[in-house]
Amino acid sequence: MTNPLANKRILLGVTGSIAAYKAADLASRLTQAGALVDVVLTESAAKFVSPLTFQSVTGRKAYTDADLWGGEGHVTHIGLGHAADLVLIAPVSANTLAKLAHGMGDNLLSVTVLASHCPLVLAPAMDVGMYSHPATQANVEILRQRGAVFIGPEEGRLASGLVGLGRFVEPARILGQTRYLLSRSGPLAGRKIVVTAGGTQEPIDPVRMITNRSSGKQGYAVAQAALDAGAEVVLISAPTALTPPVGAALVAVKTAAQMQAAVLAETGDAYALIMAAAVADFRPLPAAQKLKKETGIPRIELEATADILAAVSARKAETGFPKFMVGFAAESQDLLKNAQSKLERKRLDMIVANDILAEDAGFEVDTNRVVLLFADGRIQKLPVQEKSEIAEAILQQIIAWG
Ligand code: CTP
């Protein structure tokens, strides 16, 4: 399983909007994600940005209206339309929305859309007055009713200097939406997977806290891999600097107690729980007021937090949910022995063990070196890999159990 954009034919339509230059970034991101991107520019789009720009970032021919009447003649649009797994028009102008809504085919892009049978995704960009105009709104409604998916527009500053609804959604987000849309028929479609990520924060007083070095990267990568496999993903996250993957329902928590409440609330009907979070094992009893120097060096008493996986396991013994439980073990010594004992104690189906003292593994870095231990005694050593690849390997196991 790779990401759902890999080897997909994306027909990227670009129309006459000042945001057309951002479409080059989008084409580049789609290509880097493994998609085969065929760009079709309208005549006015080509005034903002040249076909050569797109050809350079996609490594494929970028088409203009000249190709409609050119050498390959009438087959170009039929070929492009039939080959596409997804048609994405970004940015789409008011003019092209009107053409699509009324089934017109007066340029290469509009005839290609008519010839296609795949999902149509539209990311509008135009001035606020043009977008809110009743004609445009009626066209949006027609297209929506016909199944087109809209990404944006957003509120914000527009090229005219006005502020309002009409701004092109950032390419990174359009990429995420596209990835999400293409993943929905994956092997875990319809299954709910709860993923936890990040390091919990336990307050000492209103200013200070105890936390840990977890960046959340591995957990967020697991959430993305679960989405890629088609699952409905709930991401229960302690604070991180990361952007949640598009399509995940984010539950933001801070403390271990909040994480436990969220995990119990979400896993009652879940297919799998993947606990990648670094949960505090001890917490202070927080002071109501800021601790002051004048009162001397404080002694911070700690108490144990509840073991979240153990609590979920106990409930699972009665209800059967979640069907599968995966834990992580971050160890600085006796990796396999400690991981094995956690696997048994927490009654997990699999534990992902990593040696946090290895340089290419553990906290903050983008790679990880893990060993998977299973309830049936199997052990699988994975090579040093990107956290995204480790996440895919974890999801492969969950798919295999299905
Ligand atoms: N975990 C949990 N609840 C806690 C602490 C940890 O559910 N209060 C989960 C983690 O998310 C992880 C697994 O348990 O998936 C193992 O976490 P770890 O901190 O390595 O294990 P501990 O049970 O805390 O054991 P130890 O302190 O002995 O290392």
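Predicted model: local features only at pLDDT ≥ 70, side-chain atom pairs only at ≥ 80, totals over all residues.
**Pockets, ligand contacts and backbone geometry**

Q: What volume of space lies in the largest pocket, and which residues of its lining are closest to the centre?
A: The space in the largest pocket amounts to about 1,000 Å³. Its lining comprises 42 residues, and those closest to the centre are Ala277, Ala278, Val279, Phe328 and Ala330.

Q: How many residues in the lining of the largest pocket are charged?
A: Sorted by class, the lining of the largest pocket contains 20 nonpolar and 13 polar residues. The remaining class, the charged residues, numbers nine.

Q: Which helix supplies the largest share of the lining of the second largest pocket?
A: The second largest pocket holds about 860 Å³ of space. Among its 28 lining residues, Arg179, Tyr220, Ala221, Gln224 and Ser388 are the closest to the centre. At least two residues each come from helix 1 (20-32), helix 10 (171-183), helix 15 (387-401) and helix 11. The largest share, six residues, belongs to helix 11.

Q: From which domains does the lining of the second largest pocket draw at least three residues each?
A: By class, this lining has 12 nonpolar, seven polar and nine charged residues. By domain, at least three of the lining residues come from each of domain 1 (9-181) and domain 2 (192-401).

Q: Which lysine side chains have a polar atom 2.6 Å from an oxygen atom of the ligand?
A: Of the 16 residues around the ligand, the nearest are Met275, Ala277, Asp281, Lys342 and Lys346. One polar side-chain atom at 2.6 Å from a ligand oxygen belongs to Lys342. An N or O atom in another side chain also lies 2.6 Å from an oxygen atom of the ligand, and that residue is Lys346.

Q: What percentage of the ligand's exposed area does the protein bury?
A: The ligand also has a nitrogen atom 2.9 Å from a polar backbone atom of Ala306. Taken alone, the ligand exposes 570 Å², and the share of this area buried by the protein is 78%.

Q: What is the phi value of Asn7?
A: Most residues other than glycine have a negative phi. Asn7, located in the segment before strand 1 (9-14), is a residue other than glycine with a positive phi, near 60°.

Definitions and conventions
Residues numbered from 1 in each chain as written. Heavy atoms only, no water. 1 Å grid on protein atoms, 1.4 Å probe; cavity = no way out; pocket = protein on both sides within 12 Å on 5 of 7 lines; lining within 4 Å. Points joined across faces, edges and corners; volume = space filled by probe spheres on them. Nonpolar A, V, L, I, M, F, W, Y, C, P; charged D, E, K, R; others polar. Helix = DSSP H or I, 4+ residues; strand = E, 2+ residues; numbered from the N terminus. Domains from an automatic or database assignment. Near = heavy atom within 4 Å. Polar contact = N/O pair within 3.5 Å; in protein donor to acceptor, adjacent residues only side chain to side chain. Areas by Shrake-Rupley, 256 points an atom, 1.4 Å probe, with all protein chains shown as cover.
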